[in-house]
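Please examine the sequence and the model shown below, and then follow the explanation paragraph by paragraph.

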Amino acid sequence: MSIWTRIVDAIEALRAGESLSTVFEKLRTPPERTIGFTIAVIALGAKMAKADGRVTRAEVAAFREVFHIPPEEEAHAGRVYDLARKDVAGFEDYAHRVATMFDRTDGTLCDLMEGLFHIAVADGSYHDAEDHYLSRVAEIFGLSDRQFRGIRARFVPDADPDPYTVLGIDPETPLDDARQAWRALVRESHPDRMIARGVPEEAVRMAEKRMIAINRAWEEISADAA
């Protein structure tokens, strides 16, 4: 049974009346955590896609950039998106349930936020409604303001990101400490680390944009210090 078939089964259980808490409780441990991660991105992403009042083809296509979807599984993936978008449960309820599935200290919720940001900016813009939505989800996830701003700086396309914000440090941070912060982010972005946290192999491509951003930030900081 493919991951997408299993995801459809979980979403259908929700639609059939099984409670969010019951479904998500089943998805808290490996290997089901990868299914839980995927459902979280799709469910919260589908609801966020309507935050600016419309669902664009770019936002739908963004799922194909976050997740590698084989052609034979596209029907299943589309069904998951439609089921999540039409679900009457509010996004805050979903976010609270998702927050209980993952350790707040292991980086998985940050991975999930990056997937949501990827979808938010897929249409080339970042709306106030989307920012409000994502900041509220980050708050429910227990992410700090610095973590949220760091992720946002790596994705929002309307300004050059501040390199210190990207690395989650202050401009006054000594160079050696900045280097340590950069190395820690590089380690946490390794595909093996991400898979161990519960990110499905289909979604580890999310690390590519993160690595580009954090390496560019470090290059800028180290060049200024030279």
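**Charged contacts, aromatic rings and a pocket**

The structure contains eleven salt bridges, a salt bridge being a side-chain nitrogen of Lys or Arg within 4 Å of a carboxyl oxygen of Asp or Glu. The model is a predicted one, in which local features need pLDDT of at least 70 and side-chain atom pairs count only at pLDDT 80 or more, whereas totals for chains, interfaces and linings use all residues. Residues are numbered from 1 along each chain as its sequence is written, and side-chain values use heavy atoms, with hydrogens and water left out.

In helix 8 (residues 128-141), Arg-136 and Glu-139 are three residues apart, about one turn of the helix, and their closest N and O atoms are 3.3 Å apart. To describe how open such residues are, relative accessible area is used: buried means under 20%, exposed over 50%, and partly exposed in between (1.4 Å probe, protein chains only). Arg-136 has 23% relative accessibility and therefore counts as partly exposed, while Glu-139, at 53%, counts as exposed.

Helix 9 holds another such pair: Arg-149 and Asp-145 are four residues apart, about one turn of the helix. Their salt bridge has its closest N and O atoms 2.8 Å apart. Asp-145 is exposed because its relative accessible area is 51%, whereas Arg-149, at 31%, is partly exposed. In helix 11, Asp-176 and Arg-179 are three residues apart and meet in a salt bridge of 2.8 Å, N to O. Arg-179 is partly exposed, with a relative accessible area of 24%.

Other charged residues form a network: Asp-111, Glu-114, Arg-154 and Arg-210 are linked by salt bridges. Arg-210 also makes a polar contact of 3.2 Å, side chain to side chain, with Ser-189. A polar contact is a pair of N or O atoms within 3.5 Å; within protein, one must be able to donate a hydrogen and the other to accept it, and residues adjacent in sequence count only if both atoms are side-chain atoms. Ser-189 is placed in the loop between helix 11 and helix 12 (191-197), and its relative accessibility of 2% makes this residue buried.

Which rings come together? A search of the whole structure finds five aromatic pairs. Trp-182 and Trp-218 form a stacked pair, because their ring centres are 5.2 Å apart and their planes are at 10°. Since Trp-182 belongs to helix 11 (residues 175-188) and Trp-218 to helix 13 (residues 206-225), the pair ties together parts that are 36 residues apart in sequence. The rule behind these pairs takes rings of Phe, Tyr and Trp (its six-membered ring) with centres within 6.5 Å; planes under 30 degrees apart count as stacked, over 60 as edge-to-face and the rest as tilted. Trp-218 counts as buried, at 10% relative accessibility. Elsewhere, Phe-117, Tyr-126, Phe-148 and Phe-155 form one aromatic cluster.

The last feature is a pocket: on a 1 Å grid over the protein atoms alone, an open set of points where a 1.4 Å probe fits, with protein on both sides within 12 Å along at least five of seven lines; lining residues have an atom within 4 Å of a point. The largest pocket holds about 440 Å³ of space, a volume being the space filled by probe spheres set on the points, which are joined across faces, edges and corners. Of its 24 lining residues, the closest to its centre are Cys-110, Gln-147, Arg-154, Leu-185 and Glu-188. Helix 9 supplies the largest share of the lining, five residues.

Technical notes. Helix = DSSP H or I, 4+ residues; strand = E, 2+ residues; numbered from the N terminus.
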